[in-house]
Amino acid sequence: MAFIEKNLPYILAGISVGGQYALIAIGYTMVYGILRLINFAHGDLFMAAGFMMVYLSATLPLYIAIPLVIILTVILGFLIERVAYKPLRKAPRMSVMISAIGVSYFIQNSAWYITSGLAKQYPTIPVISNSINVWGSTTTVVTVITPILTIILVAALVALIRYTKIGMAMRAVSRDFETSQLMGIRINTVISYTFVIGSFLAAVGSLLYFTNYTTVTPTAGSMPGLKAFVAAVFGGIGSIPGAVLGAFIIGICENIIKGLGWTTFYDAFTFALLIIILIAKPSGLFGEKSTDKV
Amino acid sequence: MLEIKNLKVNYGGIEAVKGISFSVPEGSIVTLIGANGAGKSTTLRTISGLIRPNGGSVIFQGGDITGMEPAAIVEKGITMVPEGRKIFPDLTVLENLKIGAYLRKDNLNDDLEWVFSLFPRLKERTWQPGGTLSGGEQQMLAVGRALMSRPKLIMMDEPSLGLAPLVVRDIFNIIQEINRQGVTILLIEQNANMALKTADIGYVMETGRITLSGSGAELLANEGIKAAYLGS
């Protein structure tokens, strides 16, 4: 108990960061589930959402800027897929991956160009930036809201995948492109839906994440993107519950490591974890299990 | 109903189908028999829109459907039961059936009842994941799934593959039953004996060409066919 009491602020921060990683990790894991592609541009999309917020909130009131950021991020995610991945649908998987790396650098470089490489002040979003007292430790409202919002969004997403027609199509397409087509499913529509959902969650994650930091830089998406990717691998890439659980575990562990005074090593911890998973259980916590019967 | 004219398909770097023509009259069962690699599957996959032909045309009910996307072809009323059944293992039996009706927006209850009346075994397993069914049950599910789109023409790629002889007979009985209910059938088979007994018209395919055609009974009596495909 004493440990928890002493580390409460870190644990709270960890749950919060974990939620933000989770929102990004879902985008990685869903795209992988359907296209078997690691979408390297996903972290940069998250950064782009950050800059959109910087520029839009400068001229527009927040209640317009926030929905606009979400919509524009979704459009950007949709366009990335249509322009950089769709033409390569029948190409070897390696080509698509290289295209993803290209998109990643393209977005980063565009951000350098637009901002001249300067860190931009992230706007303060009222209410969620306020301080709040949780069991005797002071934190911000965003810390408390993030995990709640994450859980709500994940529950909604799981329901969508399990109970709706498009969700059923996603499960079918992630299993078998060709047979799905024979059912009359238009693969490209389903893939676009996947990118739209992933980008939406990344935009929400970006709003929550950057609120905790004061600035956005063109490389600001790399680290959270990589962490979320590790979370998706840890949970078993392709699995949504796995990605969410992995994200929370990584977020909490990182912050406890900070609490123990080893701040220098908390990034290293995440990547050490990645290496350990890849050696010990490459399929992750909830890795794809195959029930094929031939 | 379906007219194939001088169809040419290159697949995997070889000319798999070298200009074939055949027709499937409405209400009939037509079979395409031939050895492995004769181009039968490629022909079906081309008709269903999975592969684009390099020449020739596919005419369905008077309209040219050559090279259309698979979803548009399903909308026209052609469905395919793929080789190896390819049911979705993680989807339940009910979801597998519903996904067969993906493009339909009307009520599916009557069709589900129809499929369950054809395959009572599926009704008992409604909530089971498709992957837990036996091979024969999976084949029934694959046929049921194809029926859910209310097709005018069903194409079946080797429905008897890997099934026990008794199950094969069940499947062929069902094919005839579906045909009696008004669905035209194009069947490709390596089990030539079973296929020719069931079919009204048969075509024999060899290395990308149709070399023989006739009624099922004629082909069954043909000495060359007997020697090559019927093992007697």
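**Confidence first**

Biologist: Where in chain B is confidence lowest, and where is it highest?
Modeller: In chain B, confidence is lowest in helix H10 (residues 223-230), with a mean of 77. It is highest in strand E6 (residues 78-81) of chain B, at 96. The score is pLDDT, the predictor's confidence in each residue, from 0 to 100. Helices (H or I, at least four residues) and strands (E, at least two) are DSSP runs, numbered from the N terminus.

Biologist: What does chain B average?
Modeller: A pLDDT of 91, and 99% of the residues score at least 70. The model scores ipTM 0.91 and pTM 0.90.

Biologist: What are the ground rules here?
Modeller: This is a predicted model: local features need pLDDT of at least 70, side-chain atom pairs count only at pLDDT 80 or more, and totals for chains, interfaces and linings use all residues. Residues are numbered from 1 along each chain as its sequence is written, and chains are lettered from A and ligands numbered from 1 in the order in which they are written.

Biologist: New topic. How many residues does each chain bring to the contact?
Modeller: Chain A brings 17 residues and chain B brings 22 residues. Two residues are in contact if their C-beta atoms, placed from the backbone, lie within 7 Å.

Biologist: Which element of chain A gives the most?
Modeller: H6(A) does, with 5 residues on the side that touches chain B. That side of chain A divides into 6 nonpolar, 4 polar and 7 charged residues. Ala, Val, Leu, Ile, Met, Phe, Trp, Tyr, Cys and Pro count as nonpolar, Asp, Glu, Lys and Arg as charged, and the others, Gly among them, as polar.

Biologist: At what angle do H5(A) and H6(A) cross?
Modeller: The axes of H5(A) (residues 141-163) and H6(A) (residues 165-175) cross at roughly 80° and come within 5 Å. Axes are lines fitted to C-alpha atoms, for helices over the stretch in contact, and angles run from 0 to 180 degrees between N-to-C directions. So H5(A) is roughly perpendicular to H6(A). Angles under 35 degrees count as roughly parallel, over 145 as roughly antiparallel, 65 to 115 as roughly perpendicular and the rest as oblique.

Biologist: Which residues meet there?
Modeller: Leu160(A), Ile161(A), Arg162(A) and Tyr163(A) of H5(A) meet Gly167(A), Met170(A) and Arg171(A) of H6(A). By class, this contact has 4 nonpolar, 1 polar and 2 charged residues.
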